[in-house]
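Hi everyone, thanks for coming.

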Amino acid sequence: MYLRLRTKILLPLFISAGFFFLFYLLFNTNSKLGNAAVLLNNWKVKESINLFEQFPLDKIENAGAVEIYADALFKSGELIKAEKIFKRIISGGENKFDHKIKLAKIFFYLGKLDSSKQIVNEIINSKEHTSEMPLHAECYNILGLISFNKGEYELAKYYQTESLRLSRTSGAINIEADALRQLGVLSWYEGNYGNVIHEFYEPARLLYLQCGDKIGEATIYSNIGLIYQTQGDWIENLKFQLRAFQLRRKIYDQIGLCDSYYFLTFNIPYKDAGRSFAYKFYKKSFDLSRQIGYSWGSEIALRCLLDIHSEAVNNIEFTDLKSDSLIISSFEGRLHQIWRKAMNYASAGELLTSAAFFRYGFNLCDSMKYYNGIEAPLLEYSDVLISLGAFKEAEHTISKAINMTRSSKKVEGYAESLFNLAKLQTALKNYSSASNLFTRLIEFYDSLYIDNLNRVYPSLAFEAAAGSVHYMRAKIFKEYFEMLKQTNQNEKSFEVVEKERLLPFWGVREYENNYSRADNNSVEDLINVIEQAESEDYYTSKEMNSQLEEIYKKLLVKKDLQFDISSFYSGQGIPTVNELMSVLDPDEILLEYFVTGESTFVFAMRDNSFHLLEVEIPTNQIASVVDIFNETILMSRDGVSLHQWKEPAKKLYDVLINPLVKRNLFDGIEHVNISAHQFMHSINFGTLMSTTNSVETFLVQDYSISYVPSANYLYRQKKKKNDIPLSIAFFAPDHKSLPFTEKESLLIDNLAAGQKEKLIYNQATAGKFLDTPQNTGILHVAAHGLANRKHPLNSFLSFSDRKLFLHEILGMKLNCSLVMLSACETGLSVGSLGIYPGGHDLVSFPRAFISAGCSNVIAPLWIVEDESTYLLMKYFYDHFFDGELGKHKSAVSLAKAQRVFIEKYRGTKRAEPFYWGSFFLTGYTK
């Protein structure tokens, strides 16, 4: 009875509760879907999608809700998902043309161009909607995009013009903005950069703001940035790209994000951290594009990944990439593949095949009227034509590149075009015309370098930012030198080599107040700003712009280049060969080496003779011997490679010194001045070995040796008066890990110097070193040191309080006779243009101290052993303070110290060059 009663009472309650629960679910679902619509309308796209995806799609029976979900997916760029839902809507009997338009756009982004075109043509040809101008305007816009992707630029222009006309007539401002923007892109592709922003992009931007189209707004920011990038103004480009990036993140525009990841890499030098950053962002673009189905994004990202992979093929970080050639489908992608094949064939020496690919590519460009960024392929092609002897066609090709770079005001591109013209004039044996062009080009790049020095800080990004200047200068001087050599103009060729080395080093500058002790790596600063933009919403922040402006100053990119090639360099002139010979003593010789790439040359000059010789073996073989020589020397410190350095030491002597000896140029010589070039900076010539009558002799046992930056430097030092007092300042901050520096410090007590200052332990601070009196005669640092191969200006000496970076030395003003660096690797020269420093990209502590005003710097080329360093310092100072020494005092003292060391430890492990041969002298005093 009780059970029946309970059932009678509770059953209706359960039924009522069930109905109530179903009603609640239905109401709650509709409420959530309603909220999703509101979120989408307010550009909270991701949040809107999240609400929709709380419900299975087949449970959403409201057709309007499905349409809103489809729109949300479309706005977010979820192309694969959006395609399925729009197909479902259309197949369900909903024959709304705006759904078909969106599906056509989705097909376009998915790379299904024929399907997209078919839908658009169906709408245009439909009799039902012939009077709907906004609909047709949008159709023509899509047809224009399809034609653009296929490289049919004239047809694309027609469609976008028609879209613009129809949208203006009907008042469809969002479609008008799309048409304007795309017409701007087409104008840019034609090479017309001047009025694109004013005529197309800025009006489009205002329309996007008026209609609230944030995807269009972000896209126009990116387009504006690319115009600035094309004109060489990378800072403005980056500002607009970051603004687009932040907006795209905010509205969850994934197609736009794929583009941003690509465009944000444009300003990062492909070096070290820059290459890794670019690869990471290309990979993000590629992975996201593949995930959502964005065809063009996948293609452009893959193209960039393949480029960076080919450049860094030996770097394990970039070896996981698998190519998918099926992705490359657009006209631009196919054209890029043609250029790649053409250049690969040229590199392999298959010039006729290379020329055929170049012609095919240019014919395509002409047929499509595509001229954006083809100056580089034109110049590559002209090189191939010159090598083939097709001079008429080469002249036409170079002329085309010159006209394009002039009209677009790409100053450095114009200079590169003139460089190819100079090479052509050389091939035609028009030597006078070629010489004039080479001279103008040298003046241009010299002026760019000097202007950079006078405008910005010597920051740690200098070598990356100024790399193109050094790279082009090196190419120009190589070609100019080879032209002069063809005509046997040896003295003129020597003048050119000297001109290559004439640019002032970092510290020689007119405006001292423009320099400060920079302590930031600007390339990494730039990367940090971009990565910060990925995690924070501050796209309108003034702070971001100020950060970029500061980095811009440090990165040395010249914002307003002078288009006229003229020289701003007001440095000293180069002395003639006769003037140089007149200042050389009868017992000294100058050897100035010059590496052209394939060959190595040496100018040998005495007081009564001048010679130019070509080294017998190719440059790459010499460089390989240098590498083996240095490696075997370092291995001998552990006793595992005793005497393995001898063969390369003898080989280098035979190719670099012995040809001069055979010509009797070393007769009566006691002192050798060496002006090194490229890999020569990695050789301590004093450790090269000759064999006469079975007697093995190091070069330093016969001669004292000085390294000089150039013959011009030597000439100026010869003319300089030396009245530096013989005082000494000694710094030894670390006796614990370098116990023999304590004995080194005791040497100072016994020196017959004037004023002495000995700073050890905690007293040996970087601050006190920087405050060293200007006229201190000798600066001696016994400490740890390290050459930073990635960022040369960040090489350092360790003091008790902190590291003292090489770039800080550039702020010092010194007038000392000698800087002694008994610190590992502080004599090593590092460059930014490859394994070996090529010219004025060279950075080293000796060059920095000479720039600061020191006459001589003694430093080790490799790591040194503590006790051996102390012994060598002892022998050095024993001779340095010997009153009998005359000229070349520092060089002679070092040579005598090394001779004593060799004799004292002959037959023992310490006789190996590792223990005594690391130290060498840079500079000159009479």
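Predicted model: local features only at pLDDT ≥ 70, side-chain atom pairs only at ≥ 80, totals over all residues.

Residues are numbered from 1 along each chain as its sequence is written, and side-chain values use heavy atoms, with hydrogens and water left out.

Okay, rings. I call two rings of Phe, Tyr or Trp (its six-membered ring) a pair if their centres lie within 6.5 Å; planes under 30 degrees apart are stacked, over 60 edge-to-face, and the rest tilted. By that rule we get 48 aromatic pairs. One of them is phenylalanine 666 with tyrosine 703, edge-to-face, at 5.2 Å centre to centre and 65° between the planes. These two sit 37 residues apart, phenylalanine 666 in the loop between helix H30 and strand E4, tyrosine 703 in the loop between strands E6 and E7. Helices (H or I, at least four residues) and strands (E, at least two) are DSSP runs, by the way, numbered from the N terminus. Both phenylalanine 666 and tyrosine 703 are buried; buried is under 20% relative accessible area, exposed over 50%, partly exposed in between, with a 1.4 Å probe and protein chains only.

Now a stacked one: phenylalanine 876 and phenylalanine 880, 5.5 Å between centres, planes at 25°. They are four residues apart in helix H36, so about one helical turn separates them. Both phenylalanine 876 and phenylalanine 880 are buried.

There's also an aromatic cluster, with Tyr262, Phe263 and Trp296 among its members.

On to charges. A salt bridge here is a side-chain nitrogen of Lys or Arg within 4 Å of a carboxyl oxygen of Asp or Glu, and the structure holds 30 of them. Take lysine 102 and aspartate 71, with the closest N and O atoms 2.6 Å apart.

Last, aspartate 287 and lysine 283 meet at 3.3 Å, N to O. Aspartate 287 is partly exposed at 37%, and lysine 283 is partly exposed at 25%.
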